[in-house]
Amino acid sequence: MKYEPPTALPLGLLTVEEMQRALAEHDFGKVFELARSRAGISYSRIATECDIKPERVGTLARGRGKITSFVKIVQIADALRIPGHMVGLAPRPWEPSGSPAHMSSDEIGSISVRRRTVLQAATSTGLAAALPALHRPPTPKRVNATYVNQLRARTARLRRLDDILGGGDTYRVYLSEYQATRADLRNASFTAGTRPLMLSVVAEQAQQAGWAAFDAGRAAEASNLYEESMAAALEAGDSNLLGNSYSFLAYQAADRNQAVEIATRSCGTITSDTPAGVRALLHERKA
């Protein structure tokens, strides 16, 4: 018999817009408050199952403080039976098909079939053969803006693999893509002004591989990839990607002092053009 924790949220509550918004924003204080007010789940039970001090749960529910630790987010998702996609995680091991709870039965069936088809094909013929998007175009003798745009569009397509597979499955794909682009950067010649554009693609792909590594529990690999992304973004003069690199590093830092140091280092590189979400995350981590 499958274990169901006493803090498992009712499926109906997961369809409530207020709950979905709180989960998407990682506002777990609001999640706890809704769990108690709408599902009758006490703060003491939440504290026990999530391994959080009872007074801390109450403080969060009153809107004071945030939970940003990846490990703790995973623990809360499992204790409250929150589907992984609702908090930015891969499907959890207890999810029957990794399907969102608020989807219709037709949508659930569609995702199930897609996931099953991809995984069956990957098992029998290899992941690259199963997914046409993985076939990389040949590198021209002289890299131009057209080729760089093709790689950028391909990176965006590959990102959609997260709709089907988790970080444990996509990490090798994203890492391989990043390494291939790095090889192009080392070995190819470039038309005027193209090399900085290629560096931006490298920075973006390193972040993509880093996030997949983080999602798969490979913290050390994620940190290395974020550092490599930072170096490429800095050389390219791309402040947006540079800000993203700092925010990813600060986000995954479990140690508060380390997060503060990373956020402080970012102050000289973040500009008014950097997305507000990145600036807000860094200021939050610094605080």
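Buried residues are those under 20% relative accessible area, exposed residues are over 50%, and partly exposed residues fall in between (1.4 Å probe, protein chains only). By that scale K30 is partly exposed, at a relative accessible area of 27%. The model is predicted: local features need pLDDT of at least 70 and side-chain atom pairs count only at pLDDT 80 or more, while totals for chains, interfaces and linings use all residues. Residues are numbered from 1 along each chain as its sequence is written, and side-chain values use heavy atoms, with hydrogens and water left out.

## Salt bridges

A salt bridge is a side-chain nitrogen of Lys or Arg within 4 Å of a carboxyl oxygen of Asp or Glu. Side chains of opposite charge can pair when their charged atoms come close. The whole structure holds nine salt bridges, including those in the table.

| Salt bridge | Closest N and O atoms |
|---|---|
| K30 and E33 | 3.3 Å |
| E177 and R154 | 2.6 Å |

Helices (H or I, at least four residues) and strands (E, at least two) are DSSP runs, numbered from the N terminus. K30 and E33 are separated by about one helical turn, because they stand three residues apart in helix α3 (residues 28-39). E33 is partly exposed, with 23% relative accessibility. Both residues belong to a network of salt bridges that links E18, K30, E33 and R38.

E177 is buried at 6% relative accessible area, and R154 is buried at 3%.

Since E204 is in helix α11 and R159 in helix α9, the pair ties together parts that are 45 residues apart in sequence. R159 has 36% relative accessibility and counts as partly exposed.

Rings of Phe, Tyr and Trp (its six-membered ring) pair if their centres lie within 6.5 Å; planes under 30 degrees apart count as stacked, over 60 as edge-to-face and the rest as tilted. There is one aromatic pair in the structure. It is formed by W211 and F214, whose ring centres are 5.4 Å apart and whose planes stand at 55°, so the pair is tilted. Both residues lie in helix α11 (residues 194-215), three residues apart, which is about one turn of the helix. W211 is partly exposed at 28% relative accessibility, whereas F214 is buried at 6%.

D184 is in helix α10 (residues 167-187) and is buried, with a relative accessible area of 9%. Contact means heavy atoms within 4.5 Å. Not counting residues up to four places away in sequence, D184 touches R136, T139, Y147, L151, F190 and M198.

## Positive phi angles

Most residues other than glycine have a negative phi. H26, a residue other than glycine, has a positive phi near 60°. H26 sits in the loop between α2 (17-24) and α3 and is buried, at 16% relative accessible area. D51 likewise has a positive phi, near 55°. Its place is the loop between α4 (43-50) and α5 (54-61), and D51 is exposed, with a relative accessible area of 57%.
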